[in-house]
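Subject: Structure handover

Hello,

Please find the structure below, with the sequence. My notes on it follow.

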Amino acid sequence: MPARAGVRRAAVLGSPVAHSLSPVLHRTAYAELGLESWTYDRFDIDEAALPGFFENLGPEWAGLSLTMPLKRVVVPLLDGISETAASVDAVNTVVFAEDGRKTGDNTDIPGMVAALREHGIDKVDTAAILGAGATASSALAALSRICAGEVVVYVRSAARAAEMRQWAERLGVAVRIADWDDAEQALHAPLVVTTTPTGVTDGLARSVPERPAALFDVLYDPWPTVLAARWSACGGAVVGGLDLLVHQAVLQVEQMTGRSPAPLDAMRKAGERALAAR
């Protein structure tokens, strides 16, 4: 069915994707910006279905947000990617030009930096990362912009350790790999970034120091995590996953619509309301 005249479309793709807050954030931005003909949907798409989805996109499409497991498999389907996306071989944003050209970017990395800076964290001497998956590589790239010294990465396997060493060399970051069994030591760093799935860091909450520095926990549902709650109770600064989600979405909206600035405060409040209703 052909699109209505003037309609512009965007969506988030991934699998699973039903939990995504991206539709709430982007639709709020469209309403605030007066983009009445813009729509934003979600599609459960896995690696096998992605090429077919791209083949059926019409000229009404403005952009896509990508979540797992599509951030790396999408790259061959694009006409080009930004230096930021290339630095971690991961794309979470696709923008369609009027001539049909498809360009990939990664707004997770500058989104992390913006979220930290919003909380007054714009430079640290050292940092620690808990976990070594795809999000950890983006965290390492973000830290390359604000961390002056060593980043200690706590991992659970030799394979993950090797991957993080490769990313560190590529990004020009001084990295030391540590065993997950010693993860309690990470909590004494000036900045701790947790990139693990729900529940993995719960056991560390009892080891939060009396005067913790800053914690960036990339999870947002459920929130607060056990670690984040304990960290906050001890007086430490906490940056949450919703902060990251909103900041990276702001950049996506601006790229897809060409309108700036995107309404960060309205998007954040909409995200908070959506989470509270779950």
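**The largest pocket**

The lining of the largest pocket consists of 44 residues, and those nearest its centre are Thr-67, Met-68, Lys-71, Thr-135 and Val-218. A pocket here is an open set of points on a 1 Å grid over the protein atoms alone, where a 1.4 Å probe fits and protein lies on both sides within 12 Å along at least five of seven lines; lining residues have an atom within 4 Å of a point. Two or more lining residues come from each of β3 (61-66), α4 (108-118), α5 (134-146), β8 (151-155), α6 (158-171) and α8 (241-257). Helices (H or I, at least four residues) and strands (E, at least two) are DSSP runs, numbered from the N terminus. The largest contribution is that of α8, with five residues.

The space in this pocket is about 1,200 Å³, a volume being the space filled by probe spheres set on the points, which are joined across faces, edges and corners. By class, the lining has 19 nonpolar, 18 polar and seven charged residues. Nonpolar covers Ala, Val, Leu, Ile, Met, Phe, Trp, Tyr, Cys and Pro, charged covers Asp, Glu, Lys and Arg, and the others, Gly among them, are polar.

**Where the numbers come from**

Residues are numbered from 1 along each chain as its sequence is written, and side-chain values use heavy atoms, with hydrogens and water left out. The model is predicted: local features need pLDDT of at least 70 and side-chain atom pairs count only at pLDDT 80 or more, while totals for chains, interfaces and linings use all residues.

**Strands**

An open, mixed sheet is formed by six strands in the order β2-β1-β3-β5-β6-β4. Its edges are β2 (38-44) and β4 (80-81), each of which pairs on one side only. Two strands count as paired if DSSP finds at least two bridges between them. Between β1 (residues 8-14) and β2 there are seven bridges, in the parallel sense; Ala-11 has Asp-41 of β2 as its bridge partner.

Strand β11 (214-217) runs parallel to β10, with four bridges, and parallel to β12 (residues 237-239), with three. Leu-215 of β11 is the bridge partner of Val-192 and also stands opposite Val-238 in β12. Ala-214 and Phe-216 point one way from β11, Leu-215 and Asp-217 point the other way, and all are buried. Buried means under 20% relative accessible area, exposed over 50%, and partly exposed in between (1.4 Å probe, protein chains only).

**Aromatic rings**

The whole structure holds five aromatic pairs. In one of them, Phe-53 and Trp-61, the ring centres are 6.0 Å apart and the planes stand at 75°, so the pair is edge-to-face. Rings of Phe, Tyr and Trp (its six-membered ring) pair if their centres lie within 6.5 Å; planes under 30 degrees apart are stacked, over 60 edge-to-face and the rest tilted.

Arg-156 lies over the face of Trp-180, at 5.2 Å from the ring centre. The criterion is NZ of Lys or CZ of Arg within 6 Å of the ring centre and within 35 degrees of the ring normal.

**Backbone and loops**

Pro-16 is in the loop between β1 and α1 (22-33), and Pro-261 is in the loop between α8 and α9 (264-276).

Asp-89, a residue other than glycine, has a positive phi, near 50°. Asp-89 sits in the loop between α3 (83-88) and β5 (93-96) and is partly exposed, at 31% relative accessible area.

Ala-18, in the loop between β1 and α1, has 62% relative accessibility and so counts as exposed. Ala-205, in the loop between β10 (191-194) and β11, has 8% and so counts as buried. From Ala-205 to Gly-236, 31 residues away in sequence, the C-alpha to C-alpha distance is 13 Å.

Regards
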